[in-house]
Amino acid sequence: MASVTSLTASVHQRLADALSAALPEAGAADPLLRRSDRADFQANGILALAKKLKGNPRELAAQVVSGITAPDLIKDIEVSGPGFLNITVADGAITENLAARAADGDRLGVPLNPDAGTTVIDYAQPNVAKEMHVGHLRSAVIGDALRQMLDFTGEKTIGRHHIGDWGTQFGMLIQYLVENPDQLAPAADVDGEQAISNLNRVYKASRAVFDADEEFKGRARKRVVALQSGDKETLEMWQRFVDESKVYFYSVFEKLDMEVRDEEIVGESAYNDMMAETARLLEESGVAVRSEGALVVFFDDIKGKDDKPVPLIVQKADGGFGYAASDLSAIRDRVVDLHATTLLYVVDVRQSLHFKMVFEAARRMGWLNDEVTAHNMGYGTVLGADGKPFKTREGETVRLEDLLDEAVQRAAEVVREKARDLTEEEIQERAFQVGIGAVKYADLSTSANRDYKFDLDQMVSLHGDTSVYLQYAYARIQSILRKAGAETGGPVAHPELELAPAERALGLHVDAFGDTLAEAAAEYAPHKLAAYLYQLASLYTSFYDKCPVLKADTPAQIENRLFLCDITARTLHQGMTLLGIRTPERL
Ligand code: ARG
């Protein structure tokens, strides 16, 4: 494995060196290098620096230029305007850089982050005995992408699916099952569809008895106590709900083409044994106080409508522990036992107040500090094409499975229309990869904190910023590479060749993959990677329009263009893989 320094980083380094030689008092000043339309790069930092140090910007810029001797890297550098630098990279440097990336397998020369730590990422957290909804889809898709991106930068990641498997509603469910034991088939005998329909049925039936029968209500309350104190029979019944739900969860995750590991499904219940101690620690340190019988944490800046402080409730007056207690215990577990340096939560933005309070309480306890930080990647709401929260025409929440099935169906229409030499089986397989990819990409290509419109027509469109567009770009390249086959020398880099503008633009963008990924991972911003990939496919399209590949002038040029095709395809493939999206070889 050999990592490759990006051209941006190399040019940046040269400029910074020349700058500090020309102006020692500037120290480690940043030349502020950007990609530019006029040349490959523009450096804007000299202007501000000269002004600050009361010098002449154009003179300083000229001094920097004369201090740079790197003909292999920099073809042209000139002062422009009031003191900008326009920099053009040498063609050979671009090709050589890409060749080094090509020699580095799947990593494509992308370096590992030297400061990598351990991130525990809390994502894909549905609730037991309940239908999953589009919000759970977002958490799963965003969380999975972030995790793979972080892994690729060298971060150690541990997944935690903090499923809702604890709380008072289980008293009702379990009591109903105790009284009607045949209502739930053993999990081993059902598939995902059956599991969720069984659970829905039991849920509705138990709710009906609960609402109508006061005595049942009393028995259900006692069940909660039995559950929290670990009564064996109660736990066995509870386990049946969890197992049945897992059958359902796994079926949805499989539809989402996403791997979920059993040992990482660690729900609220897993922290039950820690909760009393968590409460004790909070109370003893004075971070939490007793108020009207409950154990709560107050915050100066968090107030409700009537200006009364809104507390975080660690323990209710009746002694029960809730959502906050499990999250605070989970933080202790993740920090102390899993040695996390970062806690990342991918949870609906509507829970951000909860996390703000939980994180602040944990900071006061010292569980979080400068070395161990927590971050909620709160995501926005999924809206229908009409811009209102996503619902069926009848106003009900949309079943996630139906939604995914429909996406695959729509994708099948698109694939079928274009497919020339695909068998029916291949069409179905592609439809799955295109449809699920479309759903994921639509989610990932919008900044997560924004709401986004779930619009299947747009998602499976071949035009515009969609995954299908990227998948077609990839498949088209593969088809060219297949066609190139025996007649040519295949993809071979020729650094001695001059590059056409469209080749340079494409090459420089391929080079930026690692830098973009590092930024997107550090900012937890998959949409930056998505935007990069879209741009990559667009630059490839204009390269393909302007530069004949198999009909190029010389054999060397054919090989070099095939090489550009190949490295572009591999970069597209790696980027899409990190987003959890497949790139079929043929479409
Ligand atoms: N199960 C919760 C829900 O469906 C999300 C859990 C988020 N994670 C957490 N550690 N609280 O809303």
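Two strands are taken to pair if DSSP finds at least two bridges between them, and strand β2 (residues 41-43) and strand β4 (residues 84-89) are joined by three bridges in an antiparallel arrangement. The structure described here is a predicted model, and its chain is divided into domain 1 (7-89), domain 2 (118-164 + 267-376), domain 3 (169-257) and domain 4 (400-578).

**Domains and annotations**

- Domain 2 is assigned as two separate stretches, 118-164 and 267-376, while domain 3 covers 169-257.
- The centres of domain 2 and domain 3, taken over C-alpha atoms, are separated by 25 Å, and the contact takes seven residues from domain 2 and 12 residues from domain 3.
- An unreviewed UniProt entry lists residues 9-89 as "domain: Arginyl tRNA synthetase N-terminal"; in the model this span is 40% helix and 23% strand, and its end C-alpha atoms lie 12 Å apart.
- The unreviewed UniProt entry also lists residues 126-136 as "short sequence motif: 'HIGH' region", and over these residues the chain is 27% helix and 0% strand, with the end C-alpha atoms 6 Å apart.

**The four-stranded sheet**

- Four strands form an open sheet in the order β1-β2-β4-β3, and the pairing is antiparallel.
- The edges are taken by β1 (33-35) and β3 (74-80), each of which has a single partner strand, so one side of each is left without a neighbour in the sheet.
- From one strand to the next, the twist of this sheet averages 25 degrees.
- Helix α3 (residues 57-66) packs on the sheet and touches β3 and β4, with a direction that makes about 170 degrees with that of β3.

**The three-stranded sheet**

- Three strands, in the order β7-β8-β9, make up an open sheet with antiparallel pairing.
- In this sheet β7 (289-291) and β9 (312-315) stand at the edges with a single partner strand each, so one side of each is left without a neighbour.
- The twist here averages 50 degrees from one strand to the next.
- β7 is joined by three bridges to strand β8 (residues 294-297), and the two run antiparallel; the bridge partner of V289 in β8 is V296.

**The largest nonpolar core**

- In soluble globular proteins, nonpolar side chains tend to be buried together.
- The largest nonpolar core of this model has 169 residues, among which M149, V314, V346 and A438 touch the most other members.
- Which residues is V346 in contact with, leaving aside its neighbours within four places in sequence? The contacts of V346 are I121, D122, Y123, S139, I142, G143, L146, M377 and Y379.

Definitions and conventions. Residues are numbered from 1 along each chain as its sequence is written. This is a predicted model: local features need pLDDT of at least 70, side-chain atom pairs count only at pLDDT 80 or more; totals for chains, interfaces and linings use all residues. UniProt positions are given in the numbering used here, feature names are shortened, and annotations may be inferred rather than shown by experiment. A nonpolar core is a set of buried Ala, Val, Leu, Ile, Met, Phe, Trp, Tyr and Cys residues joined through C-beta atoms within 7 Å. A residue is buried if 20 or more other C-beta atoms lie within 10 Å of its own, exposed if 12 or fewer, and partly exposed in between; C-beta atoms are placed from the backbone. Two residues are in contact if their C-beta atoms, placed from the backbone, lie within 7 Å. Axes are lines fitted to C-alpha atoms, for helices over the stretch in contact, and angles run from 0 to 180 degrees between N-to-C directions. Domain bounds come from an automatic or database domain assignment.
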